[in-house]
Amino acid sequence: AVPTAVERLQRRRRSQVYRLRWPGGSVIAKHCRTHMARVERDAYRVLARAAVRAPACHGCLGDVSSDPADPFSWLFVEDLGRHRFTPAAPSQRAALAHWLGRLQASLLRPRTAADFAGLPVRDAGYYRRYLDRALAELPALPQERPLPRPVPALIGQVESTLREVARRWDEVVAEPFYRTPMTLVHGDCLPKNIQVWSAGGAVVPVDWGNAGWGLPGLDLGLSALLLADPVVGEADHDRYAAAVRPGWPGCDQAAVRRLAGAGR
């Protein structure tokens, strides 16, 4: 049926998101690069087998009008409503921690590789490649383009911090990967990508285009970050630990706090 209304929710250079309305219902339509759409589609397929109420994916279609060298696709997912996550609200932080814990507990140590077919592995090497690229490219930025006066100094501070992370890599990042089970992670679980589901009030991450096979707890650390503000409201480590413990009996609040810190 032809939609009776189309509402634009987001428009960026590489993605657009719309709400399509019909009498009695609606669906979210996302237009993005095909490789991102496929990751998100596969993440929703995994979510459908998890022990949580998760949004349904209604399909993924290639956009035949896009450039074959840079193809785009349409992804259609269940509409959760209009209510965004508020990290300053303790009840919402607790609900998110419970949802993430139950999800990730049910997907720890998948039975077969097919459970995560199509999803990237976000292990220590994945993050190390980003770190090495940043350290290789950041110093040249002030020479490559005109920047406002404070920015070169900021770049220098960031570079110094990242070199310290590289020096302590095994301790800060790699070591948790050696002793922690892996599970489905959202990968971009910032407040802007989390919604309060209108039907029942569950707090659920959306926009799973950065999903992969990674460490539990990392998403919890990201969920307390606002891009333009300091951390607002500490993540609910206790609630997450209680929810994830059935799948990971050795997990405690201290382990969750370390993982959330690494994620942040």
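How do α3 and α6 run relative to each other, roughly parallel or roughly antiparallel? Before I answer, a word on the model. This is a predicted model, in which local features need pLDDT of at least 70, side-chain atom pairs count only at pLDDT 80 or more, and totals for chains, interfaces and linings use all residues. Residues are numbered from 1 along each chain as its sequence is written, and side-chain values use heavy atoms, with hydrogens and water left out.

Now the helix pair. Helix α3 covers residues 124-137 and helix α6 covers residues 169-179; they pack at an angle of about 150°, with axes 9 Å apart. The two are therefore roughly antiparallel to each other. Angles under 35 degrees count as roughly parallel, over 145 as roughly antiparallel, 65 to 115 as roughly perpendicular, and the rest as oblique. Axes are lines fitted to C-alpha atoms, for helices over the stretch in contact, and angles run from 0 to 180 degrees between N-to-C directions. Helices (H or I, at least four residues) and strands (E, at least two) are DSSP runs, numbered from the N terminus.

On the α3 side, the contact is made by A124, Y127, R128 and L131, and on the α6 side by W169, A174 and F177. Contact here means heavy atoms within 4.5 Å. By class, that contact has 6 nonpolar, no polar and 1 charged residues. For the classes, Ala, Val, Leu, Ile, Met, Phe, Trp, Tyr, Cys and Pro count as nonpolar, Asp, Glu, Lys and Arg as charged, and the others, Gly among them, as polar.

Next, α2 and α8. Helix α2 (residues 90-106) packs against helix α8 (residues 237-244) at about 25°, with the axes 7 Å apart. That angle makes α2 roughly parallel to α8. From α2, the residues in contact include A94, H98 and R102, and they meet R239, Y240, A243 and V244 in α8. This contact has 8 nonpolar, 3 polar and 2 charged residues.

On to the open spaces. On a 1 Å grid over the protein atoms alone, a cavity is a set of points where a 1.4 Å probe fits but cannot get out, and a pocket is an open set with protein on both sides within 12 Å along at least five of seven lines; lining residues have an atom within 4 Å of a point. Grid points are joined across faces, edges and corners, and a volume is the space filled by probe spheres set on the points.

The largest pocket holds about 860 Å³ of space. It is lined by 28 residues, and Y127, Y130, A262, G263 and R264 are the closest to its centre. Among the elements giving two or more residues to this lining are α3 and α6. The lining has 19 nonpolar, 4 polar and 5 charged residues.

The second largest pocket has about 470 Å³. Of its 24 lining residues, V17, I28, R84, Q195 and V206 lie nearest its centre. Strand β5 gives the most to this lining, with 3 residues. By class, the lining has 9 nonpolar, 5 polar and 10 charged residues.

There is 1 cavity of 30 Å³ or more. The largest cavity has a volume of about 40 Å³. Its lining includes R93, L96 and D236, and α2 supplies the largest share, 3 residues.

G118 lies in the loop between α2 and α3. Its C-alpha atom is 7.7 Å from that of R38, 80 residues away along the chain.
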